[in-house]
Amino acid sequence: MSMYVVGHKIPDSDSICGAIALAYLKNQIDEPAIATRLGDISPETAFILERFGFDAPAYKESYAGEEVYIVDHSELTQAPDDIADATIVGIVDHHKLGDLTTSTPLECWIRPVGCSNTVIKMMFDFYQVAIPANLAGIMMCAILSDTVIFKSPTCTTADIRCVEALAEIAGIEDFKALGMEMFKVKSAVDGTPVRELVMRDFKDFNMNGNLVGIGQLEVTDLAVFDKIKADLEADIVKLKAEGNRHSVLLLLTDIMQEGSEVLVTSDDASLIEKAYAKTLTDNKVWLDGVLSRKKQVVPPLQDAFA
Ligand SMILES: [Mn+2]
């Protein structure tokens, strides 16, 4: 029986490239594995896969009765809906420990680094399995994406060393230029339906019993939002009304200015103000130097909800 290797819902490049890379590694060490995904791929991921000649993993929603290796999270809210009926055989991740649990022993590769693909590169080294050039390419791009080309405070020396090693294997001389090309693809928001933008990189978190959704759009220039910001603001209000979320935040991150404008809709906006020690103006606030949802946005908000 093959295990399935799958990243989080609303998959980003790390989840998709990580599932492909880890499934390849597992197959090399005689543990049959199939990479899958829980949602549509983003334009950035499509760019990466096309650049290095990969197809997207198959879409698979249900995992009951299957063995599953989880990539890029350990959260119930981000896992397959029927994960309780599956056997989690392993987790590779670089986020805070979430609330997934198991009834059988599992393999855990969790490190406080900038990207799951950095951890997967360490796994390749551990098992002494060679990485094919095209696979190295997508792993490298995932790390450049997650670390915002090393600018994110989540970026570690291990991430930089892994990108350098993978770039060499992939035969990419100017990896930072490729990273910028990737972020330009990510910045092309014109003509995209507003809800698609809100949900493009959206994660739900359980904060002391409250469901909090946080989306993020990383661009090279916030001016791309000038014409659509009001629509984005209206849409997160609508999204909140459609579900049972306590709050919805949308981070508009400028990777060149290195900061994020946060659009907020909440049952209690004072919690958000408390978390970041800032006053909201028209339900938004600029957070200077904030690039990372995981490291700079989620933890203070968890504390505020505690
Ligand atoms: Mn990641």
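Which residue meets the side chain of glutamate 44 in a salt bridge? In this predicted model, the partner is lysine 186, with an N to O distance of 3.4 Å. Glutamate 44 belongs to helix H2 (residues 43-52) and lysine 186 to helix H6 (residues 175-187), so this pair ties together parts that lie 142 residues apart in sequence. It is one of 17 salt bridges that the structure holds. As a general point, side chains of opposite charge can pair when their charged atoms come close.

The next topic is the division of the chain into domains. Where the domains meet, 15 residues of domain 1 are in contact with 19 residues of domain 2. The size of an interface is often given as the accessible area lost when the parts come together. For domain 1 and domain 2, the area buried between them is about 1800 Å², and carbon and sulfur atoms account for 62% of it.

Five residue pairs are found in polar contact across the interface of domain 1 and domain 2, both residues of each pair being at pLDDT 80 or more. On the side of domain 1 that touches domain 2, the residues divide by class into six nonpolar, seven polar and two charged. One salt bridge is counted between domain 1 and domain 2. Lysine 151 and glutamate 258 also form a salt bridge, in which the closest N and O atoms are 3.9 Å apart.

A further feature to look at is the metal site. The manganese ion has four protein donors listed, namely Asp14 (OD), Asp72 (OD), His94 (NE2) and Asp146 (OD), at 2.1 to 2.4 Å from the ion. Along the chain, the donors of the manganese ion follow the spacing D-x57-D-x21-H-x51-D. Aspartate 72 sits in the loop between strand S4 (67-71) and strand S5 (87-93), while aspartate 146 is in helix H4 (residues 133-146), so the pair ties together parts 74 residues apart in sequence.

Methods. Residues numbered from 1 in each chain as written. Predicted model: local features only at pLDDT ≥ 70, side-chain atom pairs only at ≥ 80, totals over all residues. Heavy atoms only, no water. Contact = heavy atoms within 4.5 Å. Buried area = accessible area lost by both parts, 1.4 Å probe. Salt bridge = Lys/Arg side-chain N within 4 Å of Asp/Glu carboxyl O. Polar contact = N/O pair within 3.5 Å; in protein donor to acceptor, adjacent residues only side chain to side chain. Nonpolar A, V, L, I, M, F, W, Y, C, P; charged D, E, K, R; others polar. Donors = N, O, S within 2.8 Å, 3.2 Å for Na, K, Ca; no water. Helix = DSSP H or I, 4+ residues; strand = E, 2+ residues; numbered from the N terminus.
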